[in-house]
Amino acid sequence: MVESGGFPRCVLAVFAHPDDAELACGGALAGWAAAGASVTIVCVCRGDKGAAERVEPGALAALREAEGRAAAAQLGAEWHALGMPDGEIAVDRLRAEVVALVRRRRPDVVVAPDPTVVIVGSSHVNHRDHREVGWAVLDAVGAEAANPNYHPGDDPAFQAAELWLCASSSPDRWVDIGVAVDAKVAALRCHATQLGGGSELGAADPFLRELVVGRAAAEGRAGGVRFGEAFRRIVLVD
Ligand SMILES: [Zn+2]
């Protein structure tokens with residue numbers, strides 16, 4: 001349990017696109033990995049549509065997989081890709097894949113996007129892939145992985161203790177990422193195809209650190225930490 005030792009021992013972070021986990025919770029993941037946790041980033045989509053202009057999807061996907069692997073290494077995390085095309089998530093397969101990973105790795109914390117966030121402020125619609133991944137993780141971890149009748153396989157049923165949702169409109173948990181800001185910046189810098197306008201990352205390299213620090217200060221303020229990442233925490237096992 002997270003509460004007893006202060007850090008989780010095994011973390012599964014399931015996100016849609018190759019830079020999503022780093023951007024949403026790269027500081028927390030790096031901090032947990034540095035404290036000895038086994039951290040795995042599960043990247044659902046290939047990132048093959050992550051460009052403002054027309055691109056050859058296979059070529060972009062190959063670049064983005066290499067970027068994702070390099071970024072995960074900067075955080076001290078493993079990288080696990082599910083290889084679905086952007087915008088074409090097979091939700092039933094995704095739930096089965098998440099259930100299988102949860103049963104195999106037995107994480108105490110699973111991290112994912114908050115799927116209830118659809119419209120952000122007055123100028124942003126949360127990407128469909130983020131919402132679909134969030135819903136699939138909620139269903140897989142909240143109900144299915146612990147029930148052997150869902151997706152029967154070789155590994156025994158397992159209940160992850162906690163779900164932590166990122167980019168939530170109702171955060172209730174903050175992780176101090178002061179010591180992990182450098183790792184988060186280094187990880188995001190690996191996503192060279194996304195450094196510039198028109199991407200979810202939305203920052204050119206010289207401004208990346210400024211962006212990360214500014215976001216961490218803004219997110220941390222509500223939680224009383226100088227630099228933080230905010231989460232909505234769901235405790236599934238007391
Ligand atoms: Zn994304």
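Select V91, L94, R95, V98, V99 and V102 in helix 4, then E132, A136, V137, D139, A140, V141 and E144 in helix 5: these two groups meet. Here two residues are in contact if their C-beta atoms, placed from the backbone, lie within 7 Å. By class, this contact of helix 4 with helix 5 has 9 nonpolar, no polar and 4 charged residues. Ala, Val, Leu, Ile, Met, Phe, Trp, Tyr, Cys and Pro count as nonpolar; Asp, Glu, Lys and Arg count as charged; the others, Gly among them, count as polar.

A word on the model before you go on. It is predicted: local features need pLDDT of at least 70, side-chain atom pairs count only at pLDDT 80 or more, and totals for chains, interfaces and linings use all residues. Residues are numbered from 1 along each chain as its sequence is written. Helices (H or I, at least four residues) and strands (E, at least two) are DSSP runs, numbered from the N terminus.

**Stop 1: how the two helices cross**

Show helix 4 (residues 91–105) and helix 5 (residues 128–144) whole. They pack at an angle of about 50 degrees, with their axes 9 Å apart. Axes are lines fitted to C-alpha atoms, for helices over the stretch in contact, and angles run from 0 to 180 degrees between N-to-C directions. Helix 4 and helix 5 are therefore oblique to each other. Angles under 35 degrees count as roughly parallel, over 145 as roughly antiparallel, 65 to 115 as roughly perpendicular and the rest as oblique.

**Stop 2: the sheet**

Now turn to the strands. In what order do the 7 strands of the open sheet lie? The order is 3-2-1-4-7-9-8, and the pairing is mixed. Two strands pair if DSSP finds at least two bridges between them. At the edges are strand 3 (78–84) and strand 8, each pairing on one side only. Neighbouring strands are turned by 25 degrees against each other on average, direction ignored.

Select strand 2 (residues 38–45) with strand 3. They pair in the parallel sense over 5 bridges. Find V42: its bridge partner in strand 3 is H80. Bring back helix 4, which packs on the sheet and touches strand 1 (10–15), strand 2, strand 3 and strand 4 (109–113). The direction of helix 4 makes about 170 degrees with that of strand 1.

F15 stands opposite C43 in strand 2. Strand 2 is mostly covered, with 6 of its 8 residues buried. A residue is buried if 20 or more other C-beta atoms lie within 10 Å of its own, exposed if 12 or fewer, and partly exposed in between.

Go to strand 9 (residues 228–235). Strand 7 (residues 162–166) pairs with strand 9 in the antiparallel sense over 5 bridges. L163 has I234 as its bridge partner. Strand 8 (residues 173–176) also runs antiparallel to strand 9, through 4 bridges. There, R173 stands opposite F231.

**Stop 3: helix 3**

Select helix 3 (residues 57–75) and helix 6 (residues 181–189). Their axes come within 8 Å and cross at roughly 170 degrees. Helix 3 and helix 6 are therefore roughly antiparallel to each other. A71, Q74 and L75 of helix 3 make the contact with A183, A186 and A187 of helix 6.

Finish on A61, also in helix 3. Is A61 buried or exposed? A61 counts as buried because it has 22 C-beta neighbours inside 10 Å. Leaving aside neighbours within four places in sequence, A61 is in contact with R46, G47 and D48.
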